[in-house]
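Subject: Structure handover

Hello,

Here is the structure I promised to pass on. Please open it first, then read my notes below.

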Amino acid sequence: MVDIVCVRGRYFRASDTWEIAHYQDEQERVQKKTFTNWMNTYLKQKNMKVENLFEDIKDGVHLLSLLEVLSGERLPMERGRLKRVHHVSNLSTALKFLETKKIKLVNINVSDIADGKPSIVLGLIWTIILYFQIEDTFAQAGVGEDGEPRPLSALEKFRKNAKKALLAWTGNAITKRYGIEITNFGKSWRDGLAFNAIIHTIRPDLVDFEQVRQQNARVNLEQAFSTAENSLGIPRLLDPEDVDVEKPDEKSIMTYVAQFLKAYPEAGEDPSLAKRKKNPAEQELADYTDLITWLNTEADEVLQIVDQPVTDRQQEYMDYLAFKTEVDRREKTFKKLEEKAKTKSLQRLTPEQWKELDTKWNQVYRQTRMWLWKLDASLPGETRKIWGLAQPGGGNNGVCT
């Protein structure tokens, strides 16, 4: 009987110790390279650069500087000629900051980072990428994950998996336009077609797609990475030899693809919806139909939680933030219709339809604030200051300050 072991998503015979070690080393090399390049695209704003990730992260200065750029916040930092005690202080500040963002840090501790342990450092940077590059971008863009095998409740739709959501975005950007099936962030990207397809979706003039289909993987990958960097401003995190391998590293490819999402979120819009934008009158009616449907179904279902007791405060607060993000996204559509109503320039909506929409929108907006007040009331008095929850009339709508 042959013993089989699974190492980071790939199966080996237990006796293949050299192959296992080589695979682990190669995956670590690619992740280290990708994550270092990703960090440096932000750290250049601080005139800083990571040369050796496992060494440079030890004192916490690069890490805190990265978090400052990503969050737009100032963080306390020890500088100068630092000893380990100062390193620990900086790293503790960084981890506490991440915890205030409700970011789960599993098996990541200060001492291991200060020692530069590769698996811990890579795990930490990946967690930061997931939150600031992928999940936060989806929250801002309002991009959801589609194609779930079972119906999701309205509340569950806000508890998205970053990988599935990014796959859904690439599915719209690639599969529905070019027939290229994207089922993962590994082998689906090896031949370079998918990378070039995203570029072609954004700027068709940059890629001769028929030619790309006839080229080999290395040529396609080099063309995609170079074109994206030179013409679209997408930093080059990878090289062809990092992707054209038997098992490309999923985290590295997700990190790279997420840059396209952040810079060009509209590339992942469902192409079947594009026709809505051609006619202003039809767009007005489509906006109304989409908004009133959401208010009467999904929003109503989610807001039933307002009348229920708080059982898991942290999870419910995250649900509130996700729903509030969706409300803020849809408010742009409502305000556009509201302005037309005020200036009497509505083309397709009747006065009755506008009144129905206006009434329902304000009802949902009030209930959303009531949800926040309920969460605030469930906290001890002193704790409320930590959460930064809005009081009635406070005007910050639940944004921590």
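Does D244 count as buried, partly exposed or exposed? At 18% relative accessibility, D244 counts as buried. Buried means under 20% relative accessible area, exposed means over 50%, and partly exposed lies in between (1.4 Å probe, protein chains only).

Some ground rules. This is a predicted model, with local features needing pLDDT of at least 70 and side-chain atom pairs counting only at pLDDT 80 or more, while totals for chains, interfaces and linings use all residues. Residues are numbered from 1 along each chain as its sequence is written, and side-chain values use heavy atoms, with hydrogens and water left out.

**Confidence**

pLDDT is the predictor's confidence in each residue, from 0 to 100. The protein averages 82. A score of at least 70 is reached by 79% of the residues. Residues 5-12 have a pLDDT below 50. Contact means heavy atoms within 4.5 Å.

**Overall**

The protein has 16 helices and 2 strands. These are DSSP runs, numbered from the N terminus: helices are H or I with at least four residues, strands E with at least two. Buried residues make up 46% of the 401 residues. Take the contacts between residues at least 6 apart in sequence: 62% of them join residues at least 24 apart.

**Salt bridges**

A salt bridge is a side-chain nitrogen of Lys or Arg within 4 Å of a carboxyl oxygen of Asp or Glu. The count comes to 25. Back to D244: its side chain meets that of R190 in a salt bridge, at 2.9 Å from N to O. D244 lies in the loop between α11 (240-243) and α12 (250-263), and R190 in the loop between α7 and α8, so the pair ties together parts 54 residues apart in sequence. R190 is partly exposed, with a relative accessible area of 30%.

R348 and E282 form another salt bridge, at 2.5 Å from N to O. R348 is partly exposed at 36% relative accessibility. E282 is partly exposed too, at 39%.

There is also a network of salt bridges linking E26, R29, K33, E222, R236, D239 and D242. Within it, the closest N and O atoms of R236 and D239 are 3.0 Å apart.

**Nonpolar cores**

A nonpolar core is a set of buried Ala, Val, Leu, Ile, Met, Phe, Trp, Tyr and Cys residues joined through side-chain atoms within 4.5 Å. The largest has 81 residues. Those touching the most other members are L98, L124, I128, I174, W189, F195 and F260. Helix α6 (residues 118-141) gives the most to this core, with 10 residues. A second, separate core of 25 residues includes Y288, L295, A299 and A341.

Look at F195. Leaving out residues up to four places away in sequence, its contacts are W189, L221, A224, F225, V243, I253, Y256 and V257. A224 lies in helix α10 (residues 217-232). A224 is buried, with a relative accessible area of 1%. Beyond four places in sequence, A224 is in contact with F195, N196, I199 and Y256.

**Aromatic rings**

Rings of Phe, Tyr and Trp (its six-membered ring) pair if their centres lie within 6.5 Å; planes under 30 degrees apart count as stacked, over 60 as edge-to-face and the rest as tilted. The whole structure holds 16 such pairs. Y320 and W371 are edge-to-face, 5.7 Å centre to centre with 85° between the planes. Y320 lies in helix α14 (residues 313-342) and W371 in helix α15 (residues 351-377), so the pair ties together parts 51 residues apart in sequence. Both Y320 and W371 are buried.

F334 and W354 are stacked, 5.5 Å centre to centre with 20° between the planes. This pair links helix α14 to helix α15 as well, across 20 residues. F334 is buried at 2% relative accessible area, and W354 is buried at 15%.

One aromatic cluster is formed by F185, W189, F195, F225, Y256 and F260.

Best wishes
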